[in-house]
Amino acid sequence: MLEDMVLIWRFKQGSADALRTIYEKYRDTMLTVATALCNDVNTAEDAVQDCFISFARAGEHLKLNGSLKAYLTTSVVNRIRDRHRRNRHQPVGLENIDAPASDKENPQAVAIGNEQMQCIASALAAIVPEEREVVVLRTRGRMTYKEIAYMQNVSIPTVQRRYQSGLDK
């Protein structure tokens, strides 16, 4: 948290290195969350890129009330929500999920990993969006119930219920 405060201060002073460090530090987490929410790597990458472009443009006018991680994750989740609203009439393709990059030399491991990813994607697609979002933010984004509650503008017990209900389903 202290490191993030220093990075934000340096970023507001115009440091390109600080922006690059922030991007490198949070890119993978944001991409993981975005991919899990929309089940499309290209859309997830676009959302993360849009998020960082907006963040970079904010510059010295940036105002954070919480953690940098929560701010960036909220930003990417909101972009995914907006895309879902715009494309609500179009079905989300779960068949486009890529196999894990590791173990490419072991075809059996790749096949098993791909099958597991398909199962997880199908399970996530079957639950309501609010529960899916909580499960993804908690498990993949490693956010606290409090951070998720703030992001979704609901109470912590509501987030806990959504999380448990999503896991149960």
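Lys-25 is partly exposed, at a relative accessible area of 33% (buried means under 20%, exposed over 50%, and partly exposed in between, with a 1.4 Å probe and protein chains only). The model is predicted: local features need pLDDT of at least 70, side-chain atom pairs count only at pLDDT 80 or more, and totals for chains, interfaces and linings use all residues. Residues are numbered from 1 along each chain as its sequence is written, and side-chain values use heavy atoms, with hydrogens and water left out.

**Overall architecture**

- The protein chain contains 8 helices and 0 strands; helices (H or I, at least four residues) and strands (E, at least two) are DSSP runs, numbered from the N terminus.
- From the N terminus on, the order of elements is α-α-α-α-α-α-α-α.
- Of the 169 residues in the protein chain, 34% are buried.
- Contacts (heavy atoms within 4.5 Å) between residues at least 6 apart in sequence join residues at least 24 apart in 59% of cases.
- The accessible surface of the protein chain is about 10300 Å², and carbon and sulfur atoms account for 50% of this area; the values come from the Shrake-Rupley method with a 1.4 Å probe, and for residues only the protein chains shown count as cover.

**Salt bridges**

- The count of salt bridges is 7, a salt bridge being a side-chain nitrogen of Lys or Arg within 4 Å of a carboxyl oxygen of Asp or Glu.
- Lys-25 pairs with Glu-3, with 3.4 Å between the closest N and O atoms.
- Lys-25 belongs to helix H2 (residues 16–38) and Glu-3 to helix H1 (residues 2–12), so this pair ties together parts 22 residues apart in sequence.
- Lys-25 also forms a salt bridge with Asp-4, where the closest N and O atoms are 2.7 Å apart.
- This second pair links Asp-4 in helix H1 to Lys-25 in helix H2, 21 residues apart.
- Within helix H2, Arg-20 and Asp-17 lie 3 residues apart, about one turn of the helix, and their side chains meet in a salt bridge of 2.5 Å, N to O.
- Arg-20 is partly exposed at 45% relative accessibility, as is Asp-17 at 44%.
- Shared partners join the salt bridges of Glu-3, Asp-4 and Lys-25 into one network.

**Helix H7 and its surroundings**

- Helix H7 (residues 145–152) has Ile-148, Ala-149, Met-151 and Gln-152 as its buried residues.
- Viewed down the H7 axis, these residues fall within an arc of 165 degrees, so they line one face of the helix; the arc is that of the directions from the helix axis to the C-beta atoms.
- Cover for the buried residues of H7 includes helix H4 (68–86), helix H6 (129–139) and helix H8 (156–168).
- Lys-146 and Tyr-150, on the other side of H7, are exposed.

- Most residues other than glycine have a negative phi.
- Arg-142, in the loop between H6 and H7, has a positive phi of about 50 degrees although it is not a glycine.
- Arg-142 is exposed, with a relative accessible area of 63%.
- Asn-153, in the loop between H7 and H8, likewise has a positive phi, near 60 degrees, and is exposed at 72% relative accessibility.

**Cysteines**

- The count of disulfides (pairs of cysteine sulfur atoms within 2.5 Å) is 0.
- Cys-38 is buried, with a relative accessible area of 6%, and Cys-51 is buried at 2% relative accessibility.
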